[in-house]
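Please examine the sequence and the three-dimensional structure shown below. The paragraphs that follow lead from the aromatic rings to the chain as a whole.

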Amino acid sequence: MVKCPCCDYEGEFKLLKTWKYKWWIVYLYECPSCRAIFRYQVDPEGKRKSYIIRVSRREGAR
């Protein structure tokens, strides 16, 4: 289960984008509770630990 790094919300997140980077599959999510944007990086082979990166919004964005 993914948890928001800003407000600790657990539930359904809005998926903004998905892409592959080296061996990672990267999901860009938006939290419905606090509107924070973060990346969740997953290794589909399970060799590396998954992790979350907070993404700051640019000035004037949405």
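How many aromatic pairs does the structure hold? The structure, a predicted model, holds six aromatic pairs. Rings of Phe, Tyr and Trp (its six-membered ring) are paired if their centres lie within 6.5 Å; planes under 30 degrees apart count as stacked, over 60 as edge-to-face and the rest as tilted. One of the pairs is formed by W24 and Y51, with an edge-to-face arrangement at 5.2 Å centre to centre and 85° between the planes. This pair links distant parts of the chain, since W24 belongs to strand β2 and Y51 to strand β4, 27 residues apart. W24 counts as buried because its relative accessible area is 9%, whereas Y51 is partly exposed because its value is 33%. Here buried means under 20% relative accessible area, exposed over 50%, and partly exposed in between (1.4 Å probe, protein chains only).

A further pair, Y29 and F38, is tilted, with 5.9 Å centre to centre and 45° between the planes. Both Y29 and F38 are buried. These two residues also belong to one aromatic cluster, formed by Y9, F13, Y27, Y29 and F38.

The loop between β2 (24-30) and β3 (37-42) contains C34. C34 counts as partly exposed because its relative accessibility is 34%. Leaving aside neighbours within four places in sequence, C34 is in contact (heavy atoms within 4.5 Å) with C4, C6 and C7. C34 and D8 are 26 residues apart in sequence and 9.7 Å apart in space, C-alpha to C-alpha.

The chain as a whole has zero helices and four strands, in the pattern β-β-β-β along the sequence. Helices (H or I, at least four residues) and strands (E, at least two) are DSSP runs, numbered from the N terminus. Of the 62 residues in the chain, 23% are buried. The C-alpha atoms fill a box of roughly 35 × 25 × 15 Å along the principal axes.

Confidence is expressed as pLDDT, the predictor's score for each residue from 0 to 100. The chain averages 86, and 90% of the residues score at least 70. Among the elements, strand β1 (residues 14-21) has the highest mean pLDDT (94) and strand β4 (residues 51-55) the lowest (84).

Residues are numbered from 1 along each chain as its sequence is written, and side-chain values use heavy atoms, with hydrogens and water left out. In this predicted model, local features need pLDDT of at least 70 and side-chain atom pairs count only at pLDDT 80 or more, while totals for chains, interfaces and linings use all residues.
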